[in-house]
Amino acid sequence: MTIQEEVKTVDGEKLMAFVFRAVDEVGAALNAALVVMGDKLGYYRALNARGPSTPAELAEDTQTGEKYAREWLNAQAAGGYVAYDPGTGTYTLPIEHAVALTDETSPAFVPGLFQIAHGTIRDSSRIVDLAPSGDGLGWHEHVSDVHEGCERFFRPGYLANLVDGWLPALEGAVEKLRRGARVADVGCGFGASTVLMAQAFPNSTFIGSDYHEPSIRTARERAETAGVLDRISFETSSAAAFSGSRYDLVTTFDALHDMGDPVGAARHVFDALDDDGSWMIVEPAAGDHVEDNLNPIGRVYYGFSTLLCTPASLSQDVGLALGTQAGPARIRDVVVAAGFSSFRKAASTPFNNVFEVRK
């Protein structure tokens, strides 16, 4: 069949349906930047505080230019993020949207997700340049929105689930933590998970480690602000070289799939863990097969995998590149190869799987 003949067989309605879907996708891509803009300029918080607002009032409340406020509001209204009243010329942020866009303690908080996505997209041209050679791009090489957005995205989920759900799902972990346990938080980033555990279990001691020195500096500042530096120490080290031994608990939050040599890191955890200790691995929610992940959450995670997580792994030695949607079977393969004999899914949320690993 010639190209001309194939064109004649195209369903015009299906073609235009896809075109309009593509238009919607472009609007969504632009909206990622608009949400970050609204978050950083305080637009959402101002709308939540005042209620129905004109562009002039929003501009006054946020000390920004009225014309920027006007166009931003119109874009948000077109996307259904705010409601527009043509009779009064005012824009309102619905209460449910206000929770998701302004309450950083809510597990529904989404600006962090937009921020890490926006930062990832900003760096995407570098991935295009690297893809032909198969080379990677390190976590430390990304713009700050990636690092900040990552913590702001994951922290609300940790706040909602870590102490009350995930740790109790591990065999005997909470009892040890209450009595006084030794804990290593590997790949701790800004220390959100480390600080939350230290606040909940004051009798235990914690060491947070990450290869990214700026993140470790931020983690120390966060721990000092939270008043838990007396029981937390931080170090700059790779997952295969963090210090200490005989840990009762090792934790790795949303980081194993980013590692170049996750098996090597797992072997180091094996050696550092007490014989009766547990390793809690928190990973993005995923099934074992591509078809299991063909859904909105899987789409987001595959996008991050292509532009952020896989390049991070490829930038390191070995470069195994598990991918953000590795799934339980591939994680099990990693820990079994490292010598562990016990692996189970202990808990889950729409965004995460939580695995318990033991010797």
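Helices (H or I, at least four residues) and strands (E, at least two) are DSSP runs, numbered from the N terminus. The structure is a predicted model, in which local features need pLDDT of at least 70 and side-chain atom pairs count only at pLDDT 80 or more, while totals for chains, interfaces and linings use all residues. Residues are numbered from 1 along each chain as its sequence is written, and side-chain values use heavy atoms, with hydrogens and water left out.

**Exercise 1.** Determine where arginine 246 and valine 318 are placed and whether each is buried or exposed.

*Solution.* 
Step 1. Arginine 246 belongs to the loop between E5 and E6. Valine 318 belongs to the loop between helix H14 (296–314) and helix H15 (328–337).
Step 2. Recall the classes: buried means under 20% relative accessible area, exposed over 50%, and partly exposed in between (1.4 Å probe, protein chains only).
Step 3. Arginine 246 has a relative accessibility of 56% and therefore counts as exposed. Valine 318, at 61%, likewise counts as exposed.
Step 4. Arginine 246 is not a glycine, yet its phi is positive, about 55°. Valine 318, also a residue other than glycine, has a positive phi near 75°.

**Exercise 2.** Describe the order of the strands in the open sheet, and explain why one side of E5 and of E8 is left without a neighbour.

*Solution.* 
Step 1. Two strands pair if DSSP finds at least two bridges between them. In general, strands of a sheet pair through backbone hydrogen bonds, either parallel or antiparallel.
Step 2. The open sheet has 7 strands in the order E5-E4-E3-E6-E7-E9-E8, with mixed pairing.
Step 3. Strand E5 (232–236) and strand E8 (342–348) stand at the edges with a single partner strand each, so one side of each has no neighbour in the sheet.
Step 4. Phenylalanine 253 has valine 282 in E7 as its bridge partner.

**Exercise 3.** State which helix contains methionine 16, and classify the exposure of this residue.

*Solution.* 
Step 1. Methionine 16 lies in helix H2 (residues 12–41).
Step 2. The relative accessible area of methionine 16 is 38%, so this residue is partly exposed.
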